[in-house]
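Hi,

Here is the structure I promised to pass on. Have a look at it first, and then read my notes below.

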Amino acid sequence: MINTKTLIGSALAAATSLAATAAYSGPAAQPSFSFEKCYGVVKAGQNDCQTATHSCAGTSTADNQPDSWLYVPAGSCAKITGGSDKPKA
């Protein structure tokens, strides 16, 4: 009986977390301010859109991945150490 309750509880938790993840997946909305994409300065899990290595916003797996980007105010990417307006090879 306890094993059945545990199994059902685990299944419900998994379904709920999957639904929450699916609801967030996809590209980030474009900001309302004048912006540019800044590559190579994103903390893990904070990217704004897909790259060659991951499919959705918020899915980068390491800090400063060269192909991960985020929206920053226009003209500010060049002021960030390691920032680039183009994906790094």
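Helices (H or I, at least four residues) and strands (E, at least two) are DSSP runs here, numbered from the N terminus.

A word on where this comes from: it is a predicted model, where local features need pLDDT of at least 70, side-chain atom pairs count only at pLDDT 80 or more, and totals for chains, interfaces and linings use all residues. Residues are numbered from 1 along each chain as its sequence is written, and side-chain values use heavy atoms, with hydrogens and water left out.

Now the whole chain. Of its 89 residues, 27% are buried. Buried means under 20% relative accessible area, exposed means over 50%, and partly exposed is in between (1.4 Å probe, protein chains only). The chain exposes about 6000 Å², with 61% of that supplied by carbon and sulfur atoms; these areas come from the Shrake-Rupley method with a 1.4 Å probe, and for residues only the protein chains shown count as cover. As for contacts (heavy atoms within 4.5 Å), take those between residues at least 6 apart in sequence: 56% of them join residues at least 24 apart.

Next, the cysteines. There is one disulfide, meaning a pair of cysteine sulfur atoms within 2.5 Å. Cys 38 and Cys 77 form it, with their sulfur atoms 2.1 Å apart. Cys 38 is in strand 1 (residues 35–39) and Cys 77 is in the segment after strand 2 (69–73), so the pair links distant parts of the chain, 39 residues apart. The link is right-handed, with 75 degrees about the S-S bond. Both Cys 38 and Cys 77 are buried. Cys 49 counts as buried too, because its relative accessibility is 17%.

Then come the rings. How many aromatic pairs are there? The count is two. For this, rings of Phe, Tyr and Trp (its six-membered ring) pair if their centres lie within 6.5 Å; planes under 30 degrees apart count as stacked, over 60 as edge-to-face and the rest as tilted. Phe 35 and Tyr 71 are edge-to-face, because their planes are at 75 degrees, and their centres are 4.7 Å apart. Phe 35 lies in strand 1 and Tyr 71 in strand 2, so this pair ties together parts that are 36 residues apart in sequence. Trp 69 and Tyr 71 also form an edge-to-face pair, at 4.9 Å centre to centre and 70 degrees between the planes. Together, ring pairs link Phe 35, Trp 69 and Tyr 71 into a cluster.

How covered are these rings? Trp 69 is buried at 5% relative accessible area and Tyr 71 is buried at 14%, whereas Phe 35 is partly exposed at 28%. Trp 69 has a charge over its ring as well: the charged end of Lys 37 sits there, 4.4 Å from the ring centre. The rule is that NZ of Lys or CZ of Arg is within 6 Å of the ring centre and within 35 degrees of the ring normal.

Last, look up Ser 60, in the loop between strand 1 and strand 2. Ser 60 is buried, because its relative accessible area is 6%. Its side chain reaches the backbone nitrogen of Gly 45 at 2.9 Å. Leaving out residues up to four places away in sequence, Ser 60 touches several others, including Val 42, Lys 43, His 54 and Ser 68.

Cheers

Key:
A polar contact is a pair of N or O atoms within 3.5 Å; within protein, one must be able to donate a hydrogen and the other to accept it, and residues adjacent in sequence count only if both atoms are side-chain atoms.
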